[in-house]
Amino acid sequence: MADNKENDPESQHYDVYEVFVQRDPLGYHTHIGSVVAASSEMAQIVARENFLRRDTAISIWVVRQTNIHETSYEDTDFFVNRATDKSYRDVAGYVDNAKKWKAFKERAITIDDLVRDAKR
Amino acid sequence: MDDARTHVAVDAQTEQALAEYLLQLADDELAVGQRYAEWLGLAPDLEEDVAFSSISQDELAHSLFYYTLLENLGVGCADELAYARPANERRNSVLLEQPSKDWAYTIARGFCFDVLEQIRLAAALRSTYLPLAQGAQKIQREERYHLLHMQTWFERLGMAGGEARQRLNEAVESLWLDLPDLFSLGTAGNILFKSGVLPLTEAELRQTWEQQVKPSFAHAGLAWRSLPTRSDKNGRLGQHGAALVELLQTFAEVYRTNPVAVW
Amino acid sequence: MSPGSQVNGDSRQVTFMERIERGEKIEATDWMPEEYRKLLIKQIHMHGISEVMGAYPEKEWVPKAPNLRRKLALIAKVQDEIGHGQLLLRVAEDLAKPYGKVRDDMIEDVYTGRVKFHNVFHMDAPTWADAGVIGFLVDGGAIITQASLLDSSYAPYGRILTRICAEESFHMQHGESIVLALAEGTEEQREMLQQAIHHWWPSMMFFFGPPEMSGASLRMMDYRIRTRTNEELRQRFIGRYAPRIHALGLTIPDAKLCHDPTTDQWTYSEPDWDWFGHMVRENTGPKSQERLQMRKQAHEGQKWVRDAMIRATVLQTQAI
C-alpha cells in the first residue's frame, strides 16, 4: 500500500502487484506480468482473469512491486561464475573415473542408472 | 434426443416441469449475462473490466448450455429459444433483467444471484435428470470464482463506509423488492421435487440463501432486513417489467432482421 | 547519424547506443536516455490507449450479436482489447515512474487530450458487418504493426507483444469467421459486408501513417523501438487483404489500387491525411466525443469505487 493513502486521499491510487504463475506441481512460479489493485486479495482475483483466462495453472502469487529487490542488468560481473576453472563442481570434471573403473573391469555408475533403479 | 430422455422418469408432467425449470435457469443466465456485458469498457478499472467480462461470458455460456438441454428435449433450437421468445414467455427472475444502475447495485445483485446459483447447483448435482447433474458439476466450478469475486467486492465496498456503503445500502433496498421470484420455481416446484429433478423446495432455497448471505451483510456493515414474501411480478410466470422488453429488443435486433440466415 | 553521436561527452549515451546497435534488449530498470524513455512512453501509452478505446466500437455490437456463440466470441474479443490495454499501460507506467505517473494519470490523459489513439477507433460502426470487418481489417492491420514491433529494443514491450499477438490471432479468426458467414449469406448480408469494407478501407490506409515519417517516428527507428517504415507496413497490409477482398467478389473503394509485379508494390489513393490527422489530434471523428465520454465516465464516474476499495484495505490493515 502506498504511504500516501492515509494522509492524502486526493493522491490515492492502486498499488502495482507483480504476478507469478505456477503451471504444474513440479513447475516453478514464473513471472507473467503485473496488475494494479487495491489489495492483495483483489490483485489475486483480477490476476486470474487478466493472465489465465486461456491457460491453466495451479497457483498464483502476487507480490507488491515495491517488495521486489532486483539486480542490475548492467552489472554483468555479478553473474560471472566461470571466469576461472570451476570444473571441480561439474560431472565433466571427473571424466577420469570412468577410465579407472574400466581398469577394474567395472562400469562407472551414472545418475541415470540410479534414477532408473528408483523407478523400477 | 432419446438419449437425454432416458435419464428421467418421463411422464409428460415431469417433462414439462423439467422444461419449465431449464427455461428458468437459461433465462436467468441470459438476462444477467446480458446486463453484465453492458459493463464492457466501463468497469471501475481495467483489471476489473477483464475479470468481470469473464463472468458475463460464463453466465451467457451457461444459458447456452441450458438452452441446448432444452433443444435435446425437443423444446426448440437453442438460439431460437434465446432470441425469439417474447418477454411474456421468459422465465427469468425480475431481479436479473433490471438495468445495472451503478457498480454497487451490480455487485449486490451479483452476490445475491451467485449465492442462489450455488444452492441451486448443489441441489442439481443430485438431480435424477442426469444431463442437469453433469452440467451442474462443471458449472459449479466456474461459479465458485463468481461468488468469491462478488463476495469480496460486496464486503469491501461495505467495509469502506462512506459513499460506497451508502450506495450499497441503496442497491440492497432497491433489489430487495425484486427478490421474491428469485426463490420461486413457478408452476414446476412440486413436480420437480417429487420427481427428484430438483431435490430442493422453495422454502429450503430461501432459508439456505438467507443463512449464506447474512454473514456478508455483517462484514459489510449493512443492517439485515427480512425477506419480502411477494412482489407484484413473478418472472417465473412470465410477468416482467419494461426492462426485459427493452433488453430483448436490443438482444434480438440483428437476429430479427433474418432469423433463418446464418450469421 | 546515430543518436549517440549527438551527445558529446555523455559516455552513457554512447554505451547505450552501442547496446542498441548490437541488438541488445533494454529493460525497465536499465539506464536509458531520457529521449528513449519519452519516445517509449509516447508509443506504448498511445498503443495501450488505442486498445482500450478500441473496445468501444465492437462493444456496441455485443448486446446485439445475432447468436449466442457470436456474442460470447465478441465479448471475449473486447475483453482481450481491454486486457491488451492493461498489459501495455503497465509497461508504460513502469517507464513513467520517474515522472510520478500512475494508471490514473494514463487514463486521464485520454479525455484531457494529452494522448491520442488510432483513427479507426474514432469511426462509427453502423452495422453488424462492421463488427466483423473491424476484426478482419483493423485487427489484421494491427497484427501487421504489432508483429513488426516484436523485435523492439525495449524488452518489456517485446515480451507482452508476444502475448498480444497470440491473442490477436484469435481476433483475426473471429473477424474472418463473421466476414465469411456474411459473404456466403443472403444478398442483404453481402451488401452489408460490402458497405462495411468501403467504410473501413480509407481508415486503414491512414492507419499506418504517412509515407513521409515524422521526426519522432524516425527517432524510434534509430532506437530500434520500431524497425519498419509506415509504407512497408501499409504495403504488407494491402498485399494481404486486397486479394482476399477481391476473392470474396467484393470491391475496394479505390480506383487507383493496383499491383506492380515488377516492384511488388501497390499503388493506392492517398487517404485524406488532413481530415484524418485533424480527427485524431482534435478528437473530431464521428464517435470521438461519445467514446471519450464513456472512458471519462468509467474512470471519473467511478473514482468512488476505487477510493472505497483502497479505504477498505487501509481499514483492514489498521484493524490487524
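Sorted by class, the contact of helix 6 of chain B with helix 7 of chain B has 16 nonpolar, five polar and three charged residues.

## Chain A

Chain A has three helices and three strands. Followed from the N terminus, the elements of chain A come in the order β-β-α-β-α-α. The radius of gyration of chain A is 24 Å, well over the 14 Å that the globule rule gives for 120 residues, so chain A is more spread out than a compact globule. Along the principal axes, the C-alpha trace of chain A spans about 80 × 40 × 20 Å.

As for confidence, the average pLDDT of chain A is 90, and 91% of the residues score at least 70. Over residues 1–7 of chain A, however, the pLDDT is below 50; this stretch has eleven contacts in the model beyond near neighbours in sequence. Where pLDDT is low, the predicted coordinates should not be read in detail.

## Chain B

Chain B holds twelve helices and zero strands. The radius of gyration of chain B is 18 Å, close to the 18 Å that the globule rule gives for 263 residues, so chain B is as compact as a globular protein of that length. Its C-alpha trace spans about 55 × 45 × 35 Å along the principal axes of chain B.

## Chain C

In chain C there are twelve helices and two strands. Their order from the N terminus is α-α-α-α-α-α-α-α-α-β-β-α-α-α. With a radius of gyration of 21 Å, close to the 20 Å that the globule rule gives for 320 residues, chain C is as compact as a globular protein of that length. The C-alpha atoms of chain C fill a box of roughly 65 × 60 × 35 Å, taken along the principal axes.

One helix pair within chain C is worth a look. Helix 2 (residues 34–59) and helix 8 (residues 215–222) of chain C pack at an angle of about 115°, and their axes are 10 Å apart. Helix 2 of chain C and helix 8 of chain C are therefore roughly perpendicular to each other. Their crossing is left-handed. Helix 2 of chain C brings C:Glu35, C:Leu39, C:Lys42 and C:Gln43 to the contact, while helix 8 of chain C brings C:Ala216, C:Arg219 and C:Met220. By class, this contact has three nonpolar, one polar and three charged residues.

## Where chain A meets chain B

Here eleven residues of chain A are in contact with nine residues of chain B. On the chain A side, strand 2 (29–37) and helix 1 (40–51) are the elements that give two or more residues. Helix 1 of chain A provides the largest share, six residues. The side of chain A that touches chain B has seven nonpolar, one polar and three charged residues.

## Where chain B meets chain C

This contact takes 39 residues from chain B and 39 residues from chain C. Several elements of chain B give two or more residues to it, among them helix 2 (12–37), helix 3 (46–72), helix 7 (130–159) and helix 8 (162–176). Helix 3 of chain B gives the most, with eleven residues. The side of chain B that touches chain C has 22 nonpolar, nine polar and eight charged residues.

How do helix 7 of chain B and helix 12 (residues 303–319) of chain C pack, and at what angle? The angle is about 80°, with the axes 8 Å apart, which makes helix 7 of chain B roughly perpendicular to helix 12 of chain C. From helix 7 of chain B, B:Arg156, B:Leu157 and B:Met159 meet C:Ala308, C:Met309, C:Ala312, C:Leu315 and C:Gln316 in helix 12 of chain C. The residues of this helix contact divide into six nonpolar, one polar and one charged.

Methods: Residues numbered from 1 in each chain as written. Chains lettered and ligands numbered in written order. Predicted model: local features only at pLDDT ≥ 70, side-chain atom pairs only at ≥ 80, totals over all residues. Contact = placed C-beta atoms within 7 Å. Helix = DSSP H or I, 4+ residues; strand = E, 2+ residues; numbered from the N terminus. Nonpolar A, V, L, I, M, F, W, Y, C, P; charged D, E, K, R; others polar. Axes fitted to C-alpha atoms, helices over the stretch in contact; angles between N-to-C directions. Parallel < 35°, antiparallel > 145°, perpendicular 65-115°, else oblique. pLDDT = per-residue confidence, 0-100. Rg over C-alpha atoms; globule rule 2.2 N^0.38 Å. Left-handed = near helix turned anticlockwise from the far one by under 90°.
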